[in-house]
Amino acid sequence: DDVIILDVRENHEYDAGHIPGATLVPLGQIPNRLDEIPTDKTVIAVCRSGNRSNQATNFLRQQGFENVHNMTGGMNAWGQAGYEIEQ
């Protein structure tokens, strides 16, 4: 309950498969949707491989978010590890 998975991919990527319970906010929309990202929870940003989520993590930190992290390897690593993917 104290962690949010922030999926920063595009809608079609999210629809093709995502982490159960993940919140979709595409990378390009983050600056206009900061109020939707909680500051009182741990935020784990995820994309396909970790590049866009790293950009999102850096941007959020610049905006004052302190407890935000990049999921290294993204959905590629998540799927390879055998974790659940929801469609």
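Which residue just after helix 2 takes a positive phi? Gly 64 does, at about 100 degrees. Before going on: this is a predicted model, where local features need pLDDT of at least 70, side-chain atom pairs count only at pLDDT 80 or more, and totals for chains, interfaces and linings use all residues. Residues are numbered from 1 along each chain as its sequence is written, and side-chain values use heavy atoms, leaving out hydrogens and water.

Now the sheet. Four strands form an open sheet in the order 2-1-3-4, with parallel pairing. Strands here are DSSP runs of E, at least two residues, and helices are runs of H or I, at least four, numbered from the N terminus; two strands pair if DSSP finds at least two bridges between them. Strand 2 (23-24) and strand 4 (68-70) are at the edges with a single partner strand each, so one side of each has no neighbour in the sheet. Val 43 stands opposite Val 68 in strand 4.

Next, helix 2. Ser 53, Ala 56, Thr 57 and Leu 60 are buried there, meaning under 20% relative accessible area with a 1.4 Å probe, protein chains only.

Last, contacts, meaning heavy atoms within 4.5 Å. Ile 37 touches Leu 6, Ile 30, Val 43, Leu 60 and Phe 65, leaving aside residues up to four places away in sequence.

Definitions and conventions
Buried < 20%, exposed > 50% of the residue type's maximum accessible area, 1.4 Å probe, protein only.
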